[in-house]
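Here's a quick briefing on one protein chain. Have a look at the sequence and the 3D view, then read on.

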Amino acid sequence: DHTLLPSLPIPLLIVESTSASAKIDSSVIRDRIFLDFDAHEDNLDMAWRGVKQGVELIINKDYSHTLFFSGRGFHFCIPNVFDFKSSNDLPEEVKATISRYFPEADNIYDGARLIRVGQTMNEKSNLYKVPLLIGEVMSGTPEEIHKIAEAPRLDFRPIPLLEPEPI
């Protein structure tokens, strides 16, 4: 029996605010980029196409990554390959850059988001957020991914993110 953690708030942009209005200031830090490809209206096809395009871009550049099926889409985390620097305009810069390189990714770039923790169940789909191999996404089918996600994948060890050369 496994004790699984609930979804936890994980900031996509780490902010130290100096005002009650929580303005983003120059202390925003970005060391990795989180991409979210959701199956809107239970249609996994668009998310599937989007994540496959993202994977092709990343493997062609040989960047390290972590890739998960989230129970209703895909979560893809890559190092800060765009060399984003702290600034007041960082959320807009990230949004514009990600839209250019990953047009199918959801627009999630604001102050903070709730990101499902790996190996936890998505109650809408009754499937788990599980890590995936590139080959499972590139060669598999949505039905095969759903089968993998019926239970936690506790024996899987993702490759740690490495420092890349910027794009």
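How much space lies in the second largest pocket? About 320 Å³, a volume counted as the space filled by probe spheres set on grid points joined across faces, edges and corners. This is a predicted model, where local features need pLDDT of at least 70, side-chain atom pairs count only at pLDDT 80 or more, and totals for chains, interfaces and linings use all residues. Residues are numbered from 1 along each chain as its sequence is written, and side-chain values use heavy atoms, leaving out hydrogens and water.

**The pocket**
- A pocket is an open set of points on a 1 Å grid over the protein atoms alone, where a 1.4 Å probe fits, with protein on both sides within 12 Å along at least five of seven lines; lining residues have an atom within 4 Å of a point.
- Strand β5 gives the largest share of the lining, three residues.

**The sheet**
- Strands are DSSP runs of E, at least two residues long, numbered from the N terminus.
- Four of them make an open antiparallel sheet, ordered β2-β4-β3-β8; strands pair if DSSP finds at least two bridges between them.
- β2 (32–38) and β8 (130–131) each have a single partner strand, so one side of each lacks a neighbour in the sheet.
- β3 (residues 66–69) and β4 (residues 73–79) are joined by four bridges, and Phe69 sits opposite Phe74 in β4.

**Confidence**
- The chain's average pLDDT (the predictor's confidence in each residue, from 0 to 100) is 77.
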